[in-house]
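Please read the structure shown below alongside the text.

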Amino acid sequence: MYNNVFALALTAPDQLRQRVAWAIFQYIPVSMGQANGSLEYYNMLRRNALGNYSKLLRDVSINPHMGFYLNNELNRPTSPQCLGCTPNENYARELMQLFTVGVVQLNTDGTVVRDAQGKAKETYTQKDVEELARALTGWRAPPNNTGLPDNSWPHYGSPMIPESASFLHDSGQKSVMGVTIVSGLNASSELDAVVSLLMKHPNTAPFVSLRLIQHLVASNPSPQYLARVSAVFRDNGKGVAGDLAAVVKAILLDPEA
């Protein structure tokens, strides 16, 4: 795994893509202890590094190594058919806290939104984590059809798949950060709804833009620099949000860079 990463970082013709993938890995990581799973996860980051952030979020969410690392492959709703099951909040919490919106509300330039007493306003509550965990139930690792032993994870180049039993996904209505996810959705459609609400949240543009600036250019960019990049994250000039190629271009060609 490490030899592959280092060799490409030094010799690959797409050096910018490699650098952006590494930047994303700094805040959307997995454990690097299992070679096949780790390499396939990093390959997924490389493929998405200059794509759209919404697709990146979806691919991260159904990556089997991430499912193993943050337990979403074990995320099951409480139901009469699954005695003792309860939603696992680990991935839901990190998806909001580290990958998209962060724990405090942000202005478009990354400054913290505060109440009348000067206290930072929180982005989400424990109830939001619980509701999001429910929405992410019902995924499992892909089947291993390679003939190789499971413990070598030879099938981890494929995404996780929805469980065949409908009761293993919670299809009830949820409310996450004030957005209602309607009832009756299957696991795949509900994941799309989750990605959509996270992409539309006002925090996502400055939160993600700051991390990319920090890992590509400067650890402490000015609010004005961050605001300019956040604007591109929200709209690449063609009405598209999350265009990472446009965001990276804005980061590297900004006068402050």
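Buried here means under 20% relative accessible area, exposed means over 50%, and partly exposed covers what lies in between, with a 1.4 Å probe and protein chains only. The model is predicted, so local features need pLDDT of at least 70 and side-chain atom pairs count only at pLDDT 80 or more, whereas totals for chains, interfaces and linings use all residues. Residues are numbered from 1 along each chain as its sequence is written, and side-chain values use heavy atoms, with hydrogens and water left out.

The cysteines come first. A disulfide is a pair of cysteine sulfur atoms within 2.5 Å. The structure holds one disulfide, and its partners are Cys82 and Cys85, with an S to S distance of 1.7 Å. Cys82 counts as buried because its relative accessibility is 12%. Cys85, at 19%, counts as buried too.

Next comes helix H4. Helices (H or I, at least four residues) and strands (E, at least two) are DSSP runs, numbered from the N terminus. How much of H4 is buried? Seven of its nine residues are, so the helix is largely enclosed by the rest of the structure. The buried residues of H4 are Tyr53, Leu56, Leu57, Arg58, Asp59, Val60 and Ser61.

Asp59 also takes part in a salt bridge, with Lys55 as its partner and 2.7 Å between the closest N and O atoms. The term means a side-chain nitrogen of Lys or Arg within 4 Å of a carboxyl oxygen of Asp or Glu. Both Lys55 and Asp59 lie in H4, four residues apart, which is about one turn of the helix. Lys55 has 47% relative accessibility and therefore counts as partly exposed.

The structure holds 13 salt bridges. Glu163 meets Arg76 in one of them, at 2.6 Å from N to O. Arg76 lies in the loop between helix H5 (64-69) and helix H6 (90-97), and Glu163 in the loop between strand S2 (161-162) and strand S3 (174-176), so this pair ties together parts that are 87 residues apart in sequence. Arg76 counts as buried because its relative accessibility is 11%. Glu163 also meets the side chain of Arg140 in a salt bridge, at 3.5 Å from N to O. Arg140 belongs to strand S1 (residues 139-140) and Glu163 to the loop between S2 and S3, so the parts tied together here are 23 residues apart in sequence. With a relative accessible area of 32%, Arg140 is partly exposed. Elsewhere, a network of salt bridges links Lys127, Glu131, Arg134, Asp170, Lys174 and Glu190.

Aromatic contacts follow. Rings of Phe, Tyr and Trp (its six-membered ring) pair if their centres lie within 6.5 Å; planes under 30 degrees apart count as stacked, over 60 as edge-to-face and the rest as tilted. A search of the whole structure finds eight aromatic pairs. In one of them, the ring centres of Tyr53 and Phe233 are 5.7 Å apart and the planes stand at 65 degrees, so the pair is edge-to-face. This pair links distant parts of the chain, with Tyr53 in helix H4 (residues 53-61) and Phe233 in helix H10 (residues 223-234), 180 residues apart. Tyr53 is buried at 0% relative accessibility, and Phe233 is buried at 1%. Trp22, Phe25, Tyr41 and Tyr42 form one aromatic cluster.

A ring can also have a charge over it, which requires NZ of Lys or CZ of Arg within 6 Å of the ring centre and within 35 degrees of the ring normal. Arg211 lies over the face of Phe207 in this way, at 3.5 Å from the ring centre.

Two further contacts involve residues 196 apart along the chain. Leu216, in helix H9 (residues 204-216), has its C-alpha atom 7.5 Å from that of Val20, 196 residues away along the chain. Leu216 is buried, with a relative accessible area of 13%. Ala246 lies in helix H11, and its C-alpha atom is separated by 8.3 Å from that of Leu50, 196 residues away along the chain. Ala246 is buried at 18% relative accessibility.

Helix H11 (residues 244-253) also contains Leu253, which counts as exposed at 64% relative accessibility.
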